[in-house]
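Visitor: Could you walk me through this one slowly? I'm new to reading structures.
Guide: Gladly; let us look at it together and take one topic at a time.

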Amino acid sequence: MTAEAMPTKLVGQAIKRREDPRLITGQGTFLDDIKLPGMTHACVLRSPYAHAKIKSIDTSKAKAHPGVVAVFTGEDMLDLNPLPCAWQAGRVKNNVNTPRVLAVGEVHFAGDPVALVIAEDRYIARDACDLIEVEYEPLPVVVDAKKATEPGAPQLHENAPNNIVMEWEAGDKAKADAAVAAAEVVVREQIINQRLIPTPMETRGAVARYEPATDEFTLWTTSQAPHVLRLLLTAFVFGISETKLRVISPDIGGGFGQKIFCYNDAAFTMWAARKIGRPVKFVEDRSENYKYSTHGRDHITDVELAGNRDGTITGLRVTTYANLGAYLSTVAPGIPTTLYGRIITGVYRIPAAYVKVYGVYTNTAMVDAYRGAGRPEASYLIERMVDRFAAEIGMDPAEVRRKNFIPPDAFPYDNGLGLLPYDSGNYEAALNKALEIVGYADFRKEQEEARKQGRYLGLGISSYVEICGIAPSKWMGLPGEGWGAGLWESANVRVHLTGKVVVTTGSLPHGQGVETTFAQIVADELGVPYDDIVIEHSDTLGTPFGYGTYGSRSLAVGGTAVYRSVAKIKEKAKKIAAHMLEANPDDMVYENGRVYVKGSPDRAKTLGEIALQASVAYDLPEGMEPFLDETSYYDPPNCTFPFGTHIAIVEVDPDTGIVDLKRYVAVDDCGNVVNPLIVDGQIHGGIAQGIAQALYERAVYDENGQLVTGTLMDYAVPAAHMLPPYETARTVTPSPVNPMGVKGAGEAGTIASAQAVMNAVIDALSPFGVKHMQMPATPENVWKAIHAAQSAS
């Protein structure tokens, strides 16, 4: 955009992402683009068994293969500690088992790494892996979280009886029991939130270089949190000083949560680079990404929703078995507890709620955060049950929602489950707007007429709330939620003597447009040209410590750190300008990049003039340090709670079970909006992933622990033609938590969409007596649900 076309105020404008020209023209630098002198390539040999003892490993043939540099097993890497679990479930005992860099003695899922080959190229390394001979003793396998806790189930780890990681609860059990017992109506269901595979366009990996002269590592890796990864690797895995490792995240081809965590490839590339004295590169293929990198969801839940026939919800009782896989990933226990269990009441005022969560080990890949991370599971649970309740009492599902919404005057609102209070909300406004867009009353008439013609239309409503801006130390730190620290964020702002501005941030983008939105904020607040602002990120050497990008926290936490640093710059600029103009600092006004004495805008100093004065430094106020350079570490007092209502309309063919998604309306409230174009893009992407869960995607293990959906031929990621055009709109309810009133939008689409589609499918099937079915609503599953309901009736 040219300077002439640039709006005066940028915040709130739909400006195209400044990152895109580089990325869409192939000028980005992704991990596999990293090429270093003398670089070697790594390949991992993975267990074909889901559970087995390792009797022996013979690497002699692989070592003798031409082009092989070295071959290592877990026994070689015993000087490294197991990978850490940084976020355990708060206030309860966690039976922690985390993976070693390479397995030692026993493997616990198909894909567990058992040997590492380093070779001159990746093809030689792959060929050599095939020459390694491993003798296994197979052991019994369990893949279902609920069955894993039953007497006689195969046991994975000695310190976790019945395969239980932790038993965690929230709410008042006695009150919930009494509410269920006294209710006029109780609806009960088992809800399965199936396992999903994140499937980023770019798989994961790492490139490591070691400098023996300084005993320092440099690690390029596909990480959403490079500072955190540096801390975990140095303090917990290697036991070295944090200053000995520099972590760089190059351009990241999608993350969706899967790239937050500390994986073994970061550790084994570093260890091997030091061992052989050459750089080491490892990049997953798609099969490895599916088998080893973390999966998402995988809950089995028994739920009871209680209420009265007038539509009032009086109680909620939930028991969830959360499959965490064979080992604990970096933040795995926090997902089904803090981010799921504490928000199961959704947007409703439910006076008695209780949830118990069993975290469970199984012989499957690790399960951790996937876009939405616990909140999609919670939102799906309550929204499906509200529809079940509405159907049971014969009340319109929109009216049941209205009747039970938390009212606007109740905020800040404590839902009784241990959350910090919901910050602000106006849920009925979002519902009304969505109903208006979709033409709700007219649709119900159309639906009735269509049924007479043998066509089965359905409409599904999803009113959601989510937890974003996850950071507050007083909540996340011990003895609270088990993280042991806050998740504050950082930013440094420097105005150089030419007036150009450089921002370095602990946040980083992997599709969110951070470079664009942060520049918009700085341009407006400082009154400098948008193109004069540089946003630097993703390198632990040059940026202040930050906890990374996930949980829709980049803007609400990282952006606020930028905003606060800019505010400090402005205050210092006012003091320097007052000195230059021989005026009282209290009388100075900062406006549009100029500072002047109140009432005398004609006698102004520009930010460029002030920056020059601050840099040459020979005439500054007494005791003032030179240069305009300020850093902020922002620790918010609360999380933010975006919300909204999504509506899906489907048509189902009862003969074939095919679901045709005809319309999708999304009304979201993410507080004040910095860039509508970026928000819409985030919403669109999230909706696609939620629709995919509702209709297409499911990770499946067989009884032997083999991932039968381990390729893109078997795992049903939807194509563009399988998704409808989205109709998006917004309401705006600013957050009182931060000075910009922003909330977050990166995960909203995923948190809202799956239940909107499933509610629509079940609404369409209601004439056949279908009250509930599990995701995904594939033609086979829909057909089975119809015939099962007809047989039962």
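Visitor: Which helix does Arg 375 lie in?
Guide: Arg 375 lies in helix H9, residues 375-393, where helices (H or I, at least four residues) and strands (E, at least two) are DSSP runs numbered from the N terminus. Please keep in mind that this is a predicted model, in which local features need pLDDT of at least 70 and side-chain atom pairs count only at pLDDT 80 or more, while totals for chains, interfaces and linings use all residues. Residues are numbered from 1 along each chain as its sequence is written, and side-chain values use heavy atoms, with hydrogens and water left out.

Visitor: Is Arg 375 buried or exposed?
Guide: Arg 375 is buried, with a relative accessible area of 1%; buried means under 20% relative accessible area, exposed over 50%, and partly exposed in between, using a 1.4 Å probe and protein chains only.

Visitor: And which residues does Arg 375 touch?
Guide: Leaving out residues up to four places away in sequence, Arg 375 touches Leu 339, Ile 343, Glu 466, Ile 467, Ile 470, Gly 551, Glu 747 and Ile 751, where contact means heavy atoms within 4.5 Å.

Visitor: New topic: in what order do the four strands of the open sheet come?
Guide: The order is E19-E18-E17-E23, and the pairing is mixed; two strands pair if DSSP finds at least two bridges between them.

Visitor: Which strands stand at the edges?
Guide: Strand E19 (533-536) and strand E23 (628-634) do, each with a single partner strand, so one side of each has no neighbour in the sheet.

Visitor: How many bridges join E17 to E18?
Guide: Five bridges join strand E17 (residues 489-495) to strand E18 (residues 501-505), and these two run antiparallel. Within E18, Thr 504 is the bridge partner of Asn 492.

Visitor: What lies across E17, E18 and E23?
Guide: Helix H15 (residues 554-581) does, running at about 145° to E23; axes are lines fitted to C-alpha atoms, for helices over the stretch in contact, and angles run from 0 to 180 degrees between N-to-C directions. Helix H16 (residues 607-616) also packs on the sheet, touching E17 and E23, and its direction makes about 100° with that of E23.

Visitor: Back to Arg 375 for a moment, what should I remember?
Guide: Remember that Arg 375 is buried, that Arg 375 belongs to helix H9, and that Glu 466 and Glu 747 are among the residues Arg 375 touches.
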